[in-house]
Amino acid sequence: MTTKREPLAKRFGKALKIQIKRKGMTQAAFAEEMGYVNDEVIRRWIHDGIVKAETMDRILDFFDMDFEEFLDL
């Protein structure tokens with residue numbers, strides 16, 4: 001029996017949504033803090049996932065968390 005696991009990119013996107021809420025921010029405020037013009041890219045990350053390691057690193061730095069801590073929800 002094989003269990004299909006969720007792709008890491010999608011898990012990271014879901015965790016991002018939770019971490020933004022835990023920090024008491026809106027997606028728009030997070031986008032601004034990260035240097036994006038609007039929150040459309042953030043919504044896309046949350047919905048579709050994040051595939052670039054550099055982007056994940058930048059987000060982890062923002063939240064001052066390591067990878068495991070960020071995903072351990």
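1. Angles between elements are named as follows: those under 35 degrees count as roughly parallel, those over 145 as roughly antiparallel, those from 65 to 115 as roughly perpendicular, and the rest as oblique. The axes behind these angles are lines fitted to C-alpha atoms, for helices over the stretch in contact, and the angles run from 0 to 180 degrees between N-to-C directions. Helices are DSSP runs (H or I, at least four residues), numbered from the N terminus.

2. The model is a predicted one, in which local features need pLDDT of at least 70 and side-chain atom pairs count only at pLDDT 80 or more, while totals for chains, interfaces and linings use all residues. Residues are numbered from 1 along each chain as its sequence is written, and side-chain values use heavy atoms, with hydrogens and water left out.

3. The axes of H1 and H3 come within 6 Å and cross at roughly 125°, and the two helices are therefore oblique to each other. On the H1 side, Lys10, Gly13, Lys14, Leu16, Lys17 and Ile20 meet Ile42, Trp45, Ile46, His47 and Asp48 of H3, where contact means heavy atoms within 4.5 Å. The residues of this contact divide into 5 nonpolar, 2 polar and 4 charged; Ala, Val, Leu, Ile, Met, Phe, Trp, Tyr, Cys and Pro count as nonpolar, Asp, Glu, Lys and Arg as charged, and the others, Gly among them, as polar.

4. For helix H1 (residues 8–22) and helix H4 (residues 53–63), the axes come within 12 Å and cross at roughly 25°, which makes H1 roughly parallel to H4. Their crossing is left-handed, a term used if the near helix is turned anticlockwise from the far one by less than a right angle. Ala9, Phe12, Leu16, Gln19 and Ile20 in H1 meet Met56, Ile59, Leu60 and Phe63 in H4, and the residues of this contact comprise 8 nonpolar, 1 polar and no charged.

5. The axes of H2 and H3 come within 8 Å, with a crossing at roughly 110°, so H2 is roughly perpendicular to H3. Gln27, Phe30 and Ala31 of H2 make this contact with Ile42, Arg43, Trp45 and Ile46 of H3, and the residues involved divide into 5 nonpolar, 1 polar and 1 charged.

6. In the largest nonpolar core, which has 19 residues, Leu16, Phe30, Ile59 and Phe70 touch the most other members. Such a core is a set of buried Ala, Val, Leu, Ile, Met, Phe, Trp, Tyr and Cys residues joined through side-chain atoms within 4.5 Å. At least two residues of this core come from each of H1, helix H2 (27–34), helix H3 (40–48), H4 and helix H5 (67–71). Leucine 16, leaving aside residues up to four places away in sequence, touches Phe30, Trp45, Ile46, Ile50, Ile59, Phe63 and Phe70.

7. Alanine 31, placed in helix H2, is buried, with a relative accessible area of 0%; buried means under 20% relative accessible area, exposed over 50%, and partly exposed in between (1.4 Å probe, protein chains only). Not counting residues up to four places away in sequence, alanine 31 touches Tyr36, Asn38, Asp39 and Ile42. Its C-alpha atom and that of isoleucine 42, 11 residues apart in sequence, are 6.4 Å apart in space.

8. Two residues that are not nonpolar by the grouping above also deserve attention. Glutamine 19, in helix H1, is buried, with a relative accessible area of 3%. Threonine 55, found in helix H4, counts as buried at 15% relative accessibility and touches Trp45 and Ile50, again not counting residues up to four places away in sequence.

9. The loop between H4 and H5 can be checked at two aspartates. Aspartate 64, which is located in this loop, has a phi near 55°, a positive value in a residue other than glycine. Most residues other than glycine have a negative phi. The C-alpha atoms of aspartate 66 and isoleucine 18 are separated by 15 Å, with the two residues 48 apart along the chain.
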